[in-house]
Amino acid sequence: MKRISFLLVAIVAAVGAVAYTSHAFGQGAGEAAPLFGIKIPPGYRDWKLISVAHEAGDLNDFRAVLGNDVAIKAFRDGKLPLPDGTIIARLAWSYVPSEENNKVFGREQSFIAGSPTNVQFMVKDSIKYASTGGWGFAQFKNGKPDADAATLKKCFPCHEPVKARDFVFTQYAP
Amino acid sequence: MKRFTLFLVAVATMVGVVSLIAAARGHTDGEPAPTFVTEIPQGYRDWKWVSSAHEAGKLNSLGAVLGNDVAIRAYREGKLPFPDGTIIAALHYRNVASAENNKVFGQAQSFVPGPPTNIQFMVKDSKKYAATGGWGFAHFADGKPGDAAFMKSCFPCHAKTKATDLVFTRYAP
C-alpha cells in the first residue's frame, strides 16, 4: 500500500513537472510584460495573416494582425468566443510614402511599412484573465516590454465596445 | 528496313502527340507561349506575411503581400535574385474607413480592408518565363484571370525595379 502511495506521488509530481514545463514553454522567451505577465510568443512572425489596417492621425501607422493556429481556425470557422490558447499579434510600422513606387506610378499614391513601432499581443485564457474578458494584453518594442501596468490597464476598457466579437476589433480578411 | 522506317515514324508520331498533350496541359487557352499564370496557386492564404501597402488615388486599395516558403526564406536571407519556385501573392482590398474603430478612437483615423478587389501573383520560373525576367504574372478578380492585353502591362512596369529582381515589396521585419 505504501509503495502504491509512493508511486502515485511520483506520478503526480511528474505530471505536474511536465505541465509546468509546457506552460512555461507556451509563454515564450525574454522579459514578461507587466500586469498580465505575457512574454513574446515564439515564432509569431511566422503566423498567418488575419488582416491589415492603417491608423492615420497621431498613430500614423501600418498594421498587420497575425494569429496562431488556434486563432486562425476560430476566425475561419467564425467561432466565438475565441477559444483558450488563441493568441493574436498586432505588428505596427510607421506609415511612409514610397518614392520608388510613386516614381513608377507617376504620381503620389503609394504608402508602405517603414520602421517597426511596436508589437502587441492578446492572449486568451478564460481562467487566468477572467476579470478582463478572458484576455491578457501586452506590448513590446525591440523585443522588450514597452508599456507599464497603468498603460496596459487601459487595453481592456477600450476593447469593451466590441464585446459582441469577443473584444477583438480585427475581422478576418478573406 | 521498311519495318524499321515504319517503327521510326510510329515513334516520331508518339513523341509528337505526347508533347502536344503536354503543351495543351500547360496552358489551357491555346496561347503559343506561357506568358502569364492562369491558375491560382493553392493554399496561398496560409502563406506568411511579407508586408502591406496602401495605394491611394484611383486604386484606393489596402494590400497584404504574402509569400510561399521559398519566397519568405529568400526575403529573410536577403537573397537576390529570388530562386525558382518563389511565389509572391498580393491580396488587394478596397481601402475603407472603419466607423466602428473611429468611434472608439474618438476621431476619423482607422482604415481597414473592405471587399476584396483582386489577387495578384508573381511566380518565379527562370526558364518558363525567361522572356519576362523569369517571372510569370497573374491577376484574378472574382477568380477570373485578367485578359492578355492587361497581363502584358505587368512586366514593363515591374522591369523598373530590376535591382530587387522586379519585386516592389520589401520584407517588413
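**Close-up views of chains A and B**

View 1. The bridge partner of A:Ile112 in strand 1 of chain B is B:Ala53. Strand 4 (residues 110-124) of chain A pairs with strand 1 of chain B in the antiparallel sense, over 3 bridges. Strands count as paired if DSSP finds at least two bridges between them. Helices (H or I, at least four residues) and strands (E, at least two) are DSSP runs, numbered from the N terminus. This is a predicted model: local features need pLDDT of at least 70, side-chain atom pairs count only at pLDDT 80 or more, and totals for chains, interfaces and linings use all residues. Residues are numbered from 1 along each chain as its sequence is written, while chains are lettered from A and ligands numbered from 1 in the order in which they are written.

**View 2. The side of chain B that touches chain A.** The contact takes 30 residues from chain B and 30 residues from chain A. Contact means C-beta atoms, placed from the backbone, within 7 Å. Strand 1 of chain B gives the most to its side, with 7 residues.

**View 3. Strand 5 of chain B and its partners.** Of the 7 residues in strand 5 (residues 135-141) of chain B, 5 are buried (20 or more other C-beta atoms within 10 Å of the residue's own, C-beta atoms being placed from the backbone). Strand 5 of chain B pairs antiparallel with strand 4 of chain B over 6 bridges. Here B:Phe140 stands opposite B:Ile119.

**View 4. The hairpin of strands 5 and 6 of chain B.** Two residues lie between these strands. B:Asp142, in the turn, has a positive phi of about 55°. B:Ala141 has B:Lys144 as its bridge partner in strand 6 of chain B.

Definitions and conventions: Contact = placed C-beta atoms within 7 Å. Buried ≥ 20, exposed ≤ 12 C-beta atoms within 10 Å, placed from the backbone.
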